[in-house]
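My entries follow the structure.

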Amino acid sequence: MFKQIPLGPIQTNAYVLYNDAKEAVIFDPGGDAEALINWLKREQLTPLAILLTHAHFDHIGAVDAVRDTYSIPVYLHTKERRWLEDPDLNGSSRLTGRPITTAKPADILLTEDKSLTIGSFTFSVFHTPGHSPGSVSFYYQKEAVLFSGDVLFQHSIGRTDLRGGDHALLLASIHNKILPLPEGTVVASGHGPLTTIGQEMDHNPFLSGY
C-alpha cells in the first residue's frame, strides 16, 4: 500500500509505502514536515528510511525534520552527495523570494543498480540520470509500482535544463531501465497523477519511436 502526499512549495509528490505491520518507507519528503509527520502519527506508521529519487530542493524540504523525528537513514545516489547541503546544486538559490533549502548529508549513498532491502521491503534500484545526475528510480515489484521521481510523468518526462540535465541521457534511462518493466507497472511520479508503463508507451509524445 502507498499514499501519495503532495508537499512543499510546488506540491511535489511524496509517497509513503507501508505494510500491514505499519512499517513505512518515505520517498521524497519535499516540505510541510509537520503535516507529513502528523499524518504518519495518525496512521500509526513506523518509518524505516527516507529514499530520495534525487536532491532537487522541492524533494528534500522535510528531510531533516522527518529524519530527526524518527532517527532513520536517508538514501541518495552518490552523484548528488553534495546537493543536500548546497543550495546552488539543489536549485533553491534560484528562487527569488523563497527561503534557501538545505539538509544534512545523506546517511547511505547508492552507487549502482542493485537490490535494496529495508525491513520487509525489497526494491530494485535503477540509476536513471538525465533529469539530474543522481536520479534514481525505485521499483517495488511486490506491488508493481515504480517510484520514478522526475524521470517519467503522465504524458511527459523530466526537464533537462537544470544543472546536470541531459535530454538524450534521460531518454536512454527511460528506454533502458523503465520501459522494460511490465506494462501494468504503476508509475508514481514526482509531480502529477499516477500512470502506468503501458500508458506511457502508448501515449507519451516524448517516447514516440521507442
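**Whole chain**

I began with contacts (heavy atoms within 4.5 Å). Of the contacts in the protein chain with a separation of 6 or more, 59% join residues 24 or more positions apart. The model is predicted, so I note that local features need pLDDT of at least 70, side-chain atom pairs count only at pLDDT 80 or more, and totals for chains, interfaces and linings use all residues. Numbering runs from 1 along each chain as its sequence is written, and side-chain values use heavy atoms, with hydrogens and water left out.

I looked up the secondary structure: five helices and 14 strands. These are DSSP runs numbered from the N terminus, helices being H or I of at least four residues and strands E of at least two. The radius of gyration is 16 Å, close to the 17 Å of the globule rule for 210 residues, so the chain is as compact as a globular protein of that length. That radius is taken over C-alpha atoms, and the rule is 2.2 Å times the number of residues to the power 0.38.

I also looked up burial: 53% of the 210 residues are buried. Buried means under 20% relative accessible area, exposed over 50%, partly exposed in between (1.4 Å probe, protein chains only).

**Helix α1**

In α1 (residues 33–42) I find A33, L36, I37, W39 and L40 buried. Down the axis of α1 they fall within an arc of 160°, so they line one face of the helix. The arc is that of the directions from the helix axis to the C-beta atoms. E34, K41 and R42 are exposed on the face turned away from the buried side. What do the buried residues of α1 pack against? I list β1 (2–7), β2 (12–18), β3 (23–27), β4 (46–51) and α2 (63–70). Just after α1, Q44 takes a positive phi of about 60°.

**V187**

V187 sits in strand β13 (residues 186–189). Its relative accessible area is 0%, so V187 is buried. Beyond neighbours within four places in sequence, I find V187 in contact with L146, S148, L152, L194, T195, T196 and I197. The C-alpha atoms of V187 and A144 are separated by 8.9 Å, at 43 residues apart along the chain.
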